[in-house]
Amino acid sequence: EPEAAEVESARLLANQARPELGAEGFSDQRVDELASEFIASDIGEGLDEFLRWARFQGQLPQGSGELF
């Protein structure tokens, strides 16, 4: 169960990144998922690191099987 501080940090990070990632085709839900994982797993710090990591992760969750 994530701590309240983690939830808030992930929400703020997602809101900062949403305009840029959304313009690249990321859904709001995907941005939220990535921000939560980034914060909960201590992957990095700050918006720039998150944007790089999110782009590497991609627009679709691993194993989603969706093809466009």
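Me: Where does R30 lie?
Reply: In this predicted model, R30 lies in helix α2.

Me: Buried or exposed?
Reply: R30 counts as buried, because its relative accessibility is 7% and the cut-off for buried is under 20%.

Me: What is R30 in contact with, leaving aside its neighbours within four places in sequence?
Reply: Those contacts are Q57, G58, Q59, L60 and P61.

Me: Take G58. How many residues apart along the chain are R30 and G58, and what separates their C-alpha atoms?
Reply: R30 and G58 are 28 residues apart along the chain, and 9.1 Å separates their C-alpha atoms.

Me: Stepping back, how many helices and strands are there in the protein?
Reply: The protein has 3 helices and 0 strands. Read from the N terminus, the order is α-α-α.

Me: And what share of the residues counts as buried?
Reply: The figure is 28% of the 68 residues. The accessible surface comes to about 4700 Å², and carbon and sulfur atoms hold 50% of that.

Me: What about contacts with a separation of 6 or more?
Reply: Of those, 57% are between residues 24 or more positions apart.

Me: Now the largest nonpolar core. Which residues touch the most other members?
Reply: L21, L34, F38 and F50 do, in a core of 15 residues. Helices α1 (4-23), α2 (28-40) and α3 (46-57) are the elements that each give two or more residues to this core.

Me: F38 is on that list. What does F38 touch, not counting residues up to four places away in sequence?
Reply: F38 touches L13, I43, G44, E45, G46, E49, F50 and W53.

Me: How many aromatic pairs are there?
Reply: The count comes to 3. One of them joins F38 and F50, with 5.2 Å from centre to centre and 70° between the planes, which is an edge-to-face arrangement.

Me: Which parts does that pair tie together?
Reply: F38 belongs to helix α2 and F50 to helix α3, so the pair ties together parts 12 residues apart in sequence. Both F38 and F50 are buried.

Me: What about F50 and W53, why is that pair tilted?
Reply: The planes of F50 and W53 are at 35°, so the pair is tilted, and the ring centres are 6.3 Å apart.

Me: Which residues do the ring pairs link into a cluster?
Reply: F38, F50 and W53.

Note on methods
Residues are numbered from 1 along each chain as its sequence is written. This is a predicted model: local features need pLDDT of at least 70, side-chain atom pairs count only at pLDDT 80 or more; totals for chains, interfaces and linings use all residues. Side-chain values use heavy atoms; hydrogens and water are left out. A nonpolar core is a set of buried Ala, Val, Leu, Ile, Met, Phe, Trp, Tyr and Cys residues joined through side-chain atoms within 4.5 Å. Buried means under 20% relative accessible area, exposed over 50%, partly exposed in between (1.4 Å probe, protein chains only). Helices (H or I, at least four residues) and strands (E, at least two) are DSSP runs, numbered from the N terminus. Contact means heavy atoms within 4.5 Å. Rings of Phe, Tyr and Trp (its six-membered ring) pair if their centres lie within 6.5 Å; planes under 30 degrees apart count as stacked, over 60 as edge-to-face and the rest as tilted. Accessible areas come from the Shrake-Rupley method with a 1.4 Å probe; for residues, only the protein chains shown count as cover.
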